[in-house]
Amino acid sequence: MLDLAKKRLQMMRETEWNSLLDEVCSFCSKHDILIPKIDEDYTLGKSKRNRSDVLYLHHFHVDVFTTIIDLEFQELNDRFDVVTTDLLLGMASLNPIDSFDNFDKGRIMKLTEYYSSEFGDNKLRELGFQLDSFIVYAQKCDSRFLNLEGIKDFARVMIETKLNLTWPLIYLLVKSTLLIHVATASVEKVFSSMKYIKNYLVIG
């Protein structure tokens, strides 16, 4: 979805300005909203004396349309950098919904790179073997793994069946994945508090 959102924004930026302009003009005409002549100089405020050096077309296309899309790109890149994206994809690949339909060993192994203190080279090799065995077991041999609704259920069933002892590294990864939500929420809360304090100090 993230990749799709970025592609759609890029397509809008490159090819959809004219169609948007036509749609806006049609809306304005239908509702008797004054449409400025796009080939005239852009006027700042109501006074015609406050003319700028750009046309309305340039102002709406570059200063408004393109700028807003670029801000959206920046927001997505700030919130979903490479690390965050790897974590999200790794979590999705480990999700048991639809009988582990999204299982992707490569993305799961990529997830472990961010837990280097937990998974050394030897453990990574062992985890690879455990993943190969576990996915066959979960999809073909044990019906208790067929109707799980999330990673929390995944962890619960592993404990109930004592499979956390059979595949301890998978269980460790599942536990680590569950902690991502808590850590992310805590960081968001801290940044939100810092922003509030900063704004309070500026205003005060």
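K105 is partly exposed, with 30% relative accessible area (buried is under 20%, exposed over 50%, partly exposed in between; 1.4 Å probe, protein chains only). This is a predicted model, in which local features need pLDDT of at least 70 and side-chain atom pairs count only at pLDDT 80 or more, while totals for chains, interfaces and linings use all residues. Residues are numbered from 1 along each chain as its sequence is written, and side-chain values use heavy atoms, with hydrogens and water left out.

**Salt bridges**

- The count is seven salt bridges (a side-chain nitrogen of Lys or Arg within 4 Å of a carboxyl oxygen of Asp or Glu).
- K105 and D132 form one of them, at 3.0 Å, N to O.
- K105 lies in helix α6 and D132 in helix α7, so this bridge ties together parts 27 residues apart in sequence (helices are DSSP runs of H or I, at least four residues, numbered from the N terminus).
- D132 is partly exposed at 39%.
- R144 and D142 meet at 2.9 Å, N to O; R144 is partly exposed at 49%, whereas D142 is buried at 6%.

**Aromatic pairs**

- There are eleven aromatic pairs (ring centres of Phe, Tyr and Trp, the last by its six-membered ring, within 6.5 Å; planes under 30 degrees apart are stacked, over 60 edge-to-face, the rest tilted).
- F134 and F154 are stacked, because their centres are 5.4 Å apart and their planes at 25 degrees.
- F134 is buried at 2%, and F154 is buried at 0%.
- One aromatic cluster is formed by F100, F134, Y137, F145, F154 and W167.

How values were computed
Helix = DSSP H or I, 4+ residues; strand = E, 2+ residues; numbered from the N terminus.
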